[in-house]
Amino acid sequence: MTTQRVLPQSKETLLQNYNKRLKDDIKSILDNLTEIVKTAKIEDETQVSRATQAEQDHYEMHVRAANIVRAGESLMKLVSDLKQFLILNDFPSVNEAINLQNQQLRSLQEECDKKLTSLRDEIAVDLYELEEEYYSSRYK
Amino acid sequence: MANERLKALEDTEKEIASVLQCAGNIVLELSKDKPNGSFLDRQLVQFQTSVNRVENELTSQIRYLTQVATGQPHEGSTYSARKDCQMALNRAEYAKVKLGELGRTCEVMLEQQQQQQQQQT
């Protein structure tokens, strides 16, 4: 479906924002993991002493790992926002859900009324006899 | 239809967790003195597969929403059908109450009749 649709500015902006967040978070995860793997390589020659380099690498890996986790959580938030947007704005499925619910309620109502009607017909026969008995008794 | 899309998004959440899990396993394995190369390769392949899957799924969901979203709130409701159904259930309840009263009246009359017969005998 490639029809051009004119969305309101806010919805258009929101969806573009979702796209941007997705791309940024995926890029962040990939880049940070790549850099961690690169940093894990032991260099023979270092500009500073080994201890300093090790400390720097340690700190860098901590920060990059935290970035990966932050990007993961940001993706989770994006999924949650998408779910909310879907529930509110996915009109085809909302329409389908409403139609289904209406059908179920109407069929329940029809079944109820059908049973009441058949009950009325059965009781009408018995009621006729009861009325005969009552109006020919001394209690009327 | 809605449930399938929401279910797909829930599976995507699990996939994101799997991405982080794989990344953690890779870093853990690299921290060892002798990292297992084949394990690293497997984890990396799984990581890349999961990341691609997450990206593709979310992109397709956003594309679908771009196509179906309007700026308007949905104004459909099930109120009328629900009200009709509620009234039908109320009718059934009322009929039940009235039949209950009729039944009790008949029982009371029968008891009185039996007592009178016993007194006469």
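User: What counts as a salt bridge here, and how many does the structure hold over all chains?
Analyst: A salt bridge is a side-chain nitrogen of Lys or Arg lying within 4 Å of a carboxyl oxygen of Asp or Glu. The model examined is a predicted one. Over all chains, the number of salt bridges in the structure is 14.

User: Which residue forms a salt bridge with Asp113(A), and how many salt bridges are counted between chain B and chain A?
Analyst: The partner of Asp113(A) is Arg91(B). Their closest N and O atoms are 2.9 Å apart, and the cut-off is 4 Å. Between chain B and chain A, the count of salt bridges is two.

User: Where do Lys27(A) and Asp31(A) lie, and how many residues apart are they?
Analyst: The side chains of Lys27(A) and Asp31(A) meet in a salt bridge, with 2.9 Å from N to O. Both residues belong to helix 1 of chain A, residues 9-39. Their separation, about one turn of the helix, is four residues.

User: What area is buried between chain B and chain A, and what part of it do carbon and sulfur atoms give?
Analyst: The size of an interface is often given as the accessible area lost when the parts come together. For chain B and chain A, this buried area is about 4700 Å². Carbon and sulfur atoms give 77%.

User: How many residue pairs are in polar contact between chain B and chain A, and which element gives the largest share of the side of chain B that touches chain A?
Analyst: Four residue pairs, with both members at pLDDT 80 or more, are in polar contact between chain B and chain A.

User: Which helix gives the largest share of the nonpolar patch on the surface?
Analyst: The patch is formed by Leu119(A), Leu127(A), Leu130(A), Leu99(B) and Leu102(B), with about 340 Å² of accessible area together. Helix 3 (91-135) of chain A and helix 3 of chain B each supply at least two of its residues. The largest share, three residues, comes from helix 3 of chain A.

Notes
Residues numbered from 1 in each chain as written. Chains lettered and ligands numbered in written order. Predicted model: local features only at pLDDT ≥ 70, side-chain atom pairs only at ≥ 80, totals over all residues. Heavy atoms only, no water. Buried area = accessible area lost by both parts, 1.4 Å probe. Polar contact = N/O pair within 3.5 Å; in protein donor to acceptor, adjacent residues only side chain to side chain. Patch = residues over 30% accessible without salt bridge, like charges linked within 9 Å, V, L, I, M, F, W, Y side chains within 5 Å. Areas by Shrake-Rupley, 256 points an atom, 1.4 Å probe, with all protein chains shown as cover.
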